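Walk me through this structure, please.

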Amino acid sequence: MWKKAVGAAMVAVTLAATPGSVTAAPASDGGAAPAQNGAVDTADGGISWLARHLGRQALPSGDGWAAEGTGTTGGAAATPEQVHVVSSRAELVAALGGDNATNRGNATPKIIYVRGEVDGFEGPDGSVLDCADLADPEYSLAAYLTAYDPAVWGRVAPSGPLEAARVRSVTNQTRQTQINVGPNTTIVGLRGARLTGLTLMLDGAHNTIVRNLTFDDARDCFPAWSPTDGDAGNWNSQYDQISVRRSEHVWIDHNTFTDGDNPDSRQPVHLGRPYQVHDGSVDVTHTASLVTVSYNRFVGRDKVMLIGSSNTVGPDVGRLKVSLHHNLFDGVLQRLPRVRFGQVDVWNNHYRLAGDGFEYAIGVGVQSAVVAENNFFTLGTGVTADTLLYDWGGTAVTTRGNWVRAAGDRARPVDLVGAYNAAHEPDLAPDAGWTPTLRRGPVLPAPAVPAVVGALAGADRLLL
């Protein structure tokens, strides 16, 4: 019975996840007539007709919060002169407007195709920089560790010349590896495209689409020591892979997020704590709202998605509306997502969770209103259903239709709130107070989710 249900669900969701009819896209990017079977059309920079069609595709109606109101079209209205193919940092910056310092204000509709690997550490001459190239002359990690060792400095925030030199170093790196994106932009990866060592900063980037890219190792060369973060202090990093701030109508779809060959698990221990050089995969903060995150693959990361950056009641109230569906969270440790304030719809995602470092899946934060429906949790040894929620100062969460397959056990339905409340105090209430309406396509029964998400989520799964 379940095999038939999974098979039918696969067909239905494959159709829902595939770009619209290939007969609908105009040849308006300066190319010739469509090539047969998506073959390369060299009249338009070697971009196939199918890729050109994908570049102009808008978010389908009803597909999560980003579909509300005017919807999300990205760069669909771009003129032929604003369709670019890039394969280097310099070309990416040029396609976004020409000056990384001001590109966030460039609202001209534009479509950018990424070919191959773009490295955020690429210098002006094309050589690849390292952390030493970005460090302020007065900064060194060795001196920093000596100066701010809690045994010497105490448990107060670092200050003085060395901390100031670290901050200047961060400013140098931000200029280099934070790539600023303006409104009305679509960025699409061609097959195998990779963005490494950089942050896509969507700050005020209304109506933006990011699809079919692998994000790899957005490392921080100069993490900050925070001695009062937790009982023993922590290292905190600056750079997300995608940061969405003060933006509305953003669609992040069919991407893969990893730390590549530089995971935090391989970092040294400094000042008694792991030296963490990565932050989030997709963080939605600073009043951003109307965001859909769909068919992505998050692999082997620690912090994945923070929605709302502060517990302070203020401008985030009524904002931070985010939908997450058909994503794979694979071997990740926390913030899947962690939510403050927002109405967040989490449905038909597959969580494959294991490892000693696992902390929690869904963080219920201050005034958050999360609905988690028909998700499937595959749990390794040591991960139990009562750890899937975490109370970060919230009071309620709606969970229904979710299933768990614990290590050595069969798959079965789970009441996430009931499991949490049986092991923790205070209890979470089981009703977040709202009902999602923006969902496109069938809501799958949870047992069908692993097969569908496994087949469709991540970069290079679209028809390019």
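Asparagine 103 is found in the loop between α3 (89-95) and β2 (110-114). This is a predicted model. Is asparagine 103 buried or exposed? Its relative accessible area is 1%, so asparagine 103 is buried, since the limit for that class is under 20%. Its surroundings come from two stretches of the chain. Setting aside neighbours within four places in sequence, asparagine 103 is in contact with Val93, Leu96, Gly97, Gly98, Asn180, Val181 and Gly182. Glycine 182 is 79 residues from asparagine 103 along the chain, yet their C-alpha atoms are separated by 5.9 Å.

Threonine 196 makes a second stop. It lies in strand β6 (residues 194-196). With a relative accessible area of 7%, threonine 196 is also buried. Which residues touch it, apart from neighbours within four places in sequence? Threonine 196 is in contact with Glu117, Val118, Asp119 and Gly120, and also with Asp216 and Asp217.

A disulfide is a covalent bond between the sulfur atoms of two cysteines. How many disulfides does a search of the whole structure find? The search gives 1. Cysteine 131 and cysteine 221 form it, with their sulfur atoms 2.1 Å apart. The pair links distant parts of the chain, 90 residues apart. Cysteine 131 sits in helix α4 (residues 131-134). Cysteine 221 sits in the loop between β9 (214-216) and β10 (224-226). The torsion about the S-S bond is -75°, and the link is left-handed. The two ends fall into separate accessibility classes. Cysteine 131 has 30% relative accessibility, so it counts as partly exposed. Cysteine 221 has a relative accessible area of 9%, so it is buried.

Next, the backbone. Most residues other than glycine have a negative phi, and most peptide bonds are trans. Several places here depart from that pattern. Tyrosine 295 has a positive phi of about 55° although it is not a glycine. Its place is in the loop between β18 (289-294) and β19 (297-299). Tyrosine 295 counts as buried because its relative accessibility is 5%. Histidine 326, another residue other than glycine, has a positive phi near 55°. Histidine 326 is in the loop between β21 (322-325) and β22. At 1% relative accessibility, histidine 326 counts as buried.

The cis peptide bonds come next. The bond from leucine 336 to proline 337 is cis, with omega near 0°. Proline 337 lies in the loop between β22 (328-330) and β23 (338-339). A cis peptide bond also joins glutamate 425 and proline 426, where omega is about -5°. Proline 426 is in the loop between α8 (416-423) and α9 (449-456).

Finally, step back to the chain. Its secondary structure comes to 9 helices and 32 strands. Why does the chain count as compact as a globular protein of its length? Its radius of gyration is 22 Å, close to the 23 Å that the globule rule gives for 464 residues. The C-alpha atoms fill a box of roughly 70 × 60 × 40 Å along the principal axes. Of the 464 residues, 56% count as buried. Among contacts with a separation of 6 or more, 75% come from residues 24 or more positions apart. The chain exposes about 17700 Å², and carbon and sulfur atoms supply 54% of that area. The chain has 36 positive and 47 negative charges, and their mean positions are 6 Å apart.

How values were computed:
Residues are numbered from 1 along each chain as its sequence is written. This is a predicted model: local features need pLDDT of at least 70, side-chain atom pairs count only at pLDDT 80 or more; totals for chains, interfaces and linings use all residues. Side-chain values use heavy atoms; hydrogens and water are left out. A disulfide is a pair of cysteine sulfur atoms within 2.5 Å. Helices (H or I, at least four residues) and strands (E, at least two) are DSSP runs, numbered from the N terminus. Buried means under 20% relative accessible area, exposed over 50%, partly exposed in between (1.4 Å probe, protein chains only). The radius of gyration is taken over C-alpha atoms; the globule rule is 2.2 Å times the number of residues to the power 0.38. Contact means heavy atoms within 4.5 Å. Accessible areas come from the Shrake-Rupley method with a 1.4 Å probe; for residues, only the protein chains shown count as cover. Lys and Arg count as positive and Asp and Glu as negative; His and the chain ends are not counted. The place of a charge is taken as NZ of Lys, CZ of Arg, CG of Asp or CD of Glu.
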